[in-house]
Amino acid sequence: MSGAAGRRTPLLDGIEKVTGRARYTADLATPDALVAAILRSPFPHAKIISIDVSAARALPGVRAVITGDDCATPYGVLPIAMNEFPLARERIRYRGEPLAAVAATDAKTAAQALRLIELRVEEIPAYYDAADARQKNAVLLHEDKPGNIEREVHQEFGDVETGFASADLVLERTYRYAEVNQAHLELNATLAEYDAERDRLTLWSSTQVPYYLHLAVARCLQLEKHQVHVIKPQVGGGFGARTEALNFEIICALLARAASGKVLLRLSREETFLTHRGRPQTEVKLKLGMRSDGRITACACEVVQRGGAYAGYGIVTILYAGALLHAIYDIPSIKYDGYRVYANLPPCGAMRGHGSVDVRHAFESLVDELAGELGLDPFAVRRANLLFAPATTPNGLRVESYGLSECLDRVEAASAWRQRRGRLGPGRGLGMACSHYVSGAAKPVHWTGEPHAVVNLRLDFDGGVTLLTGAAEIGQGSSTVMAQLAANELEIPLERIRVFAGDSMLTPKDNGSYSSRVTVMVGNATLDAARRLREKLQAALPVPNSSFDEKVAALLATEGAVTVSGSFTCPPEFQGGAHRGGAVGSTMSFSYAAQVVEVAVDVDTGIVTVEKVWVAHDCGFAINPLAVEGQVQGSISMGMGQALSEQTLHADGLPMHASMLAYGVPTIVETPPIEVHIVESLDPNGPLGAKEAGEGSLASFPPALTNAIADAIGFRAGELPVTPDRILDALTKQRRNREQIAVAQAR
Amino acid sequence: MKAFSEFMVLEPRTIEEAIAAKTEVSGSRYIAGGTDLIANLRRGLDDPTLLIDVRHISRLQSMDFTAAGLTIGSAIVLAELARDKRLRRRYPALSAAAAAVAAPAHREAATVGGNLSLDTRCLYYNESAWWREANGFCLKHRGVTCHIAPGGTRCWAAYSGDLAPALLVYRAEVEIADESGTRRVPLSELFEDDGAAHLRLAPGGLVVSVRLPHDPWPAAYAKVRLRSAIDFPLVGVAVAMRVKNKRVRDLRVALTGVASRPVLVHDTNTFVGSVLSTAALDRLCDLVQKQISPMRTTAATPFYRRRVAAVIVRRLVSELAG
């Protein structure tokens, strides 16, 4: 082994990014590109009577104007829930929904053309929270969805009633979570070029899923898939905001065809927020039973998610929220009821930690509270409920490796939990929590029967190995990991590998960068390809001690340039239980994380300062420890935003958060020292034992934080974000309660 | 973010030239660092044909410590204020206020004059043109209703410059130039309690400099905001105080972020001669809270801003009392 895997390796494209040479979609427009702009609805819910674009079309410099009339084919990432049009048809369902779009010679003309479009609508009642939308007489956003419910889920595994009966303490609490957004750095952008003579379309876009984009564009433009060419340039972050084809991408493609040319569509920060696909506003009602020894006997959980105006990934999100109650602890009975609700707001999506983050906060908070009531240590309670791998959960998920126990040991020791907890002084506290996440959804949303991942390795006269992959490098380091795996298997230096990713004309199809699937699935395909290439090289020159270059020369002499293909498919036994929705949550392996958070609470201003985080993440095997640390740190940062300061706010459906100033992503000033511990449980399914590293640590941050706040000031946050005014209100309430008790006792 | 309309940029070398351009060209605006103005232009809150960049006027670029006090040109950048060791020693509240504005990159561009004449801010105003139109505009810009207090006739947008409260407790004067000449007035006279027209400047009026007295009282500045960088103050407080034999000799308190102009708290002289007991501090906090009226212009509640205003007052006074 050359040892390329397991080594701290700076990302291959780091130099371009640091020096500013990296080219993102918006950098690719040539001077002949037309400028596009979108007319967005000022109305939250309305029937479209007419959209008159004649004056806009007549404006000199305008090359194309399109409306919902130009695309009658709905799209959506789930084949069973395609109910969105790139431009609204007949009905408007949220403020900011695209209604018409213009391509013009310059931005000024495009803006002027938008002002010339005349819109006539009939407004209808709009709903901004799940309870209102679920009211009996509420107008339906989608006629086929009674009660404005996109999907109801009811599952019970084990006998919950008996479980609660055998508990020594049962607590039930309700938790509320604000909607959050990814606030990814690169603004949404698409460049589209239509070749009218050949009826072909080329698309460059800021996407995590070039293949799904390819399918959606071909579908909406009614082109054959071979007429479309999708290229993914550098992408500045995703976090699930770009895990499905989005309206602006299809709009740009439609405009390019309508204008018979090249069109650049760049969204503003406000428009990027309006495109949304963040984590839904969620209410979690959770009931847990615990024995006095800390064993959890039963769990009943009801989740209501306000999903926004269209389906998107909604069905998957509400299923994940229930499925991932499993596979972290050994819980004998779990009942889950989920409701995904439509409302007149931008659609939610598959945000980092998809479906698991809010429920995990509720769970870890309530476990902490139960532990407190029963006089048990939070670590001891987790240890009383550990799984033992290999295990199959009641809902049919497979756990082949399980490093949670070691994660607990590592952060307990590193934070000096036993020595320091309860001894930090007033206003300071320590809290802990655990989390987990899938390493790739084992059943892809588009079922084709094809392998889940394919990688090609190309070898030619220069002796370099070109790795061709459709996996979308979006800053997470996937290309570097693939290069490391290939170099490791071929026993050559990393520099011999060149990764070419994300071009549908050259790279094998890949489902994309979501559900933390790339390291495991594409990694296994990479190893498969590398093994095949190595075997070919060995067969060409079966001489002991012959060098790589000698083998290459021998192989090329017989075959010429060589391309080998490797693939990976998740075996059926890992594709989930037989119950309805059982595929969601299914995966080849789960990552595990535990963390301890130390806080200081200013009891006069309510401001919470995160002093330090100790986090241990079980990623199976760290192919690139440097990137694992970066991913874990990023998860902490994102969790901190959701826990403390980030939330979307709407005034009658208008976003009050749609700028980086208003939205409140934590800055480097708020970011504490984060001590990352990597735990390697060596999963039998992973490439060299690897599992995911990009999502699993996120969900344990918010509960570890609020558990630390509870330790510091005795207030258990049932609502995120836990902003300073909420802390002050809670402290005031505490003081009043104490005074009332004192008065009562005095009597 | 909206594309700019076309505009010209003028770089005058003298105050007179600047004022002449401003009064002659309708729709012209002064600009220095642009950290406030450019963001607002990008949101379509104005559409100037001419930007007059005042940073090339040498009088606006000087900072002079003299026997009479300190004069700071309005085009001095905040980073320079924050870096200046003499300022930190003699006028620590001003130094702290400058260092607390936005983030380092903003402070390298943002100026004293720009921060003083910062536009007022509101949830319903600092939004895109599409947003404001969808919301029926507002009293401050193109509309007739203040969404903060729809029944009223005034705009409640909040002033949130950090320097003003510090300068107010130092009894700073501001030098203003306009067509009628140059005059020096107490800083408080620059401001009006009206979110839609909070600066009392004649057409062409330009803040030239601020002057601080040579014998400043000990003073301090602190602010509360959601994040510890970048964000505007939810409330900012400056306190200047002299204490003799544990009794208050002089006391001035000023706040930002809680009204449409910076608020210099009146009747603080009633504390002269008192010992700063807990009861006295309680009374002072009551006095402050009575004179501020934060409205729902930020995502944080007015109730929270009133509460922490008192917290900061108490902390700064205790700190200065030693």
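The charged end of Arg360(A) sits over the ring of Phe363(A), 4.8 Å from its centre; a charge sits over a ring if NZ of Lys or CZ of Arg is within 6 Å of the ring centre and within 35 degrees of the ring normal. The model is predicted, so local features need pLDDT of at least 70 and side-chain atom pairs pLDDT 80 or more, while totals for chains, interfaces and linings use all residues. Side-chain values use heavy atoms, without hydrogens and water, residues are numbered from 1 along each chain as written, and chains are lettered from A and ligands numbered from 1 in written order.

**Rings and charges**

- Phe363(A) counts as buried at 0% relative accessibility, where buried means under 20% relative accessible area with a 1.4 Å probe and protein chains only.

**Aromatic pairs**

- Over all chains there are 12 aromatic pairs, a pair being rings of Phe, Tyr or Trp (its six-membered ring) with centres within 6.5 Å, stacked if the planes are under 30 degrees apart, edge-to-face if over 60 and tilted otherwise.
- Tyr211(A) and Tyr212(A) form a tilted pair, because their ring centres are 5.6 Å apart and their planes at 45°.
- Tyr211(A) is buried at 15% relative accessibility, as is Tyr212(A) at 3%.
- Tyr329(A) and Phe363(A) are stacked, with ring centres 5.8 Å apart and planes at 20°.
- Tyr329(A) is in the loop between α9 (314-323) and β15 (334-342) of chain A and Phe363(A) in helix α10 (residues 357-374), so this pair ties together parts 34 residues apart in sequence; helices (H or I, at least four residues) and strands (E, at least two) are DSSP runs numbered from the N terminus.
- Tyr329(A) is buried, at 4% relative accessibility.
- One aromatic cluster consists of Tyr211(A), Tyr212(A) and Tyr514(A).

**Cavities**

- The structure has 7 cavities of 30 Å³ or more; on a 1 Å grid over the protein atoms alone, a cavity is a set of points where a 1.4 Å probe fits but cannot get out, and lining residues have an atom within 4 Å of a point.
- The largest cavity has a volume of about 70 Å³, and its lining includes Cys122(B), Cys138(B), His147(B) and Trp156(B).
- That lining divides into 10 nonpolar, 1 polar and 1 charged residues.
- The second largest cavity, about 50 Å³, has Arg279(A), Gln305(A) and Asp358(A) among its lining residues.
- In this second lining, α9 and α10 of chain A each give two or more residues, and α10(A) gives the largest share, 3 residues.

Note on methods. Buried < 20%, exposed > 50% of the residue type's maximum accessible area, 1.4 Å probe, protein only. 1 Å grid on protein atoms, 1.4 Å probe; cavity = no way out; pocket = protein on both sides within 12 Å on 5 of 7 lines; lining within 4 Å. Points joined across faces, edges and corners; volume = space filled by probe spheres on them. Nonpolar A, V, L, I, M, F, W, Y, C, P; charged D, E, K, R; others polar.
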